Amino acid sequence: MDPGRGAGPGLWRCGRRLLWAASLLCVLLDLQLPGLLASGQAEIENHLEMGRKLLAAGQLAEALSHYHSAVEGDPKNYLTYYKRATIYLAMGKFRSALPDLSKAIELKPDFLAARLQRGNILLKQGNTEQAKQDFEAVLQSDPGHKEAQTQLARLTELEVTMQEARAAYQRTDYAGAIGILGRAVEISPWNPDAKELRAECHLLLGDYGQAILDLKPTTKLRADNRAAFLKLSQLYYGLGEHEEALAQVRECLKLDQDDKACFAHYKQVKKLSKQLESAEEHVRAQRYEEAIDKYKAAMKTEPHVEVYVVKAKARICHCLSKSKRAQEAIDVCTEAHQRDPRNVFVLRDRAEAYILNEDFQRAVEDYQEAKELDGENEQIKEGLERTQKLLKQSRKRDYYKILGIRRNANKQEIIKAYRKLAQQWHPDNFQSEDEKKEAERKFIDIAAAKEVLTDPDMRQKFDSGEDPLDPENQQGGGGHPHHWPFEFNPFGSGNFHFKFHFN
């Protein structure tokens, strides 16, 4: 049998079946399509109704979600685009509103409300050419449209104002340009050109803070404003705000990780930030030598920006004072004070170094100067009160001077000094009555100094300006509370027999 001849009737029957199935499918679709369309339209209407309710309730994000669904369900409805644009505007997302307004105008070219709204946005962005086209289109359809006329006049004013501001800038009248640009920004608050020009004028006048205020919004007014992020980072860096400088330059690198200018600046800021942060960690852990090394490294990393040199000097002053390296602290703190005369903490740290050097008068003067700069600082007030007590105390009995030791001497040094002086001024070493009385007086002072300075509580009181052995400081008044560390009556007479407890 010929295979070709046998295949003909089979193919024909198969074709008839396919044709029949297709016809049946068309019939079913004809029956179901109106229902499907009605269901889809009902869903769209439901989204629009929910969007309106949420919008009225002020729930903008939720309303926006429903309008998204409505646009997807009916992409030819110009009103839906317009309504979604109004929500974007209410949320402050004017750049997102523009495509929806443009789509609404594309679908309905005579939609004047959309044209007017788009023109208003373009004017606020400083896009005068396109804004003018929208306002003129509105006036062409409605010559008496008041808002379009007003906005067109404002647009003309903006163009003139920007020309005047640029002319003032060119003749280096930066203050004048700033004044003129105030009106330009008022008309066109989303105009990056006006804000960038005003920021540049502030910068040239040395007002970094105002320059930052004008420049910062421009990072959102342009789609890719790496130049603004870099400039902001440099400004913050120059002000000593290295953490904010690092944050801004990272935003630049997010837009383009291969941006050479941003990457070079990032490496510098990152290195300095790491050194300063590490130094502060050492200070918090009281590792003052390591902190000093890090601050010195930071000054080598950035020797040209004065604010970092000033900060490093001030913190080295603090570390030296805390390390009880009195004279070094005084020298560095004095330099830091000359660089930053209003830094109360430098004055505080130098005062503490003067205390270590037993120069209480200068310590009081530093604390008084600090208090004049910051009268509400409790630490400064407490320091002044304590130092005044120390000054008063120094004019009486100074246990450190009696033993001939520094104020930062440890217990072993105190006991060693005490033993040496106690042996030297033992009254039995002297023959005449006058000599014995002088030795007795000195011996009592030496013993008192040892008792106070080897007792942590009493030493702390003394270091705070209070003599714990002074009868005036004892509750209840009279009577000397001292219990001597040797067995004799210092106010008695006759032969003295001392039994020392050298501990």
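I will start with the whole chain and then turn to the pocket.

This is a predicted model, in which local features need pLDDT of at least 70, side-chain atom pairs count only at pLDDT 80 or more, and totals for chains, interfaces and linings use all residues. Residues are numbered from 1 along each chain as its sequence is written, and side-chain values use heavy atoms, with hydrogens and water left out.

The chain has 24 helices and 0 strands; these are DSSP runs, H or I of at least four residues for helices and E of at least two for strands, numbered from the N terminus. Of its 503 residues, 42% count as buried, meaning under 20% relative accessible area with a 1.4 Å probe, protein chains only.

Now the pocket. On a 1 Å grid over the protein atoms alone, a pocket is an open set of points where a 1.4 Å probe fits, with protein on both sides within 12 Å along at least five of seven lines; lining residues have an atom within 4 Å of a point.

How many residues line the largest pocket? There are 21, and Lys-322, Lys-324, Glu-352, Leu-356 and Arg-386 lie nearest its centre. By type, the lining holds 5 nonpolar, 6 polar and 10 charged residues, where charged means Asp, Glu, Lys and Arg, nonpolar means Ala, Val, Leu, Ile, Met, Phe, Trp, Tyr, Cys and Pro, and polar means the others, Gly among them.

Which helix gives the largest share of that lining? It is α18, with 5 residues. At least two residues each come from α16 (306-322), α18 (344-356), α20 (378-394) and α24 (456-463).

Note on methods:
Buried < 20%, exposed > 50% of the residue type's maximum accessible area, 1.4 Å probe, protein only.
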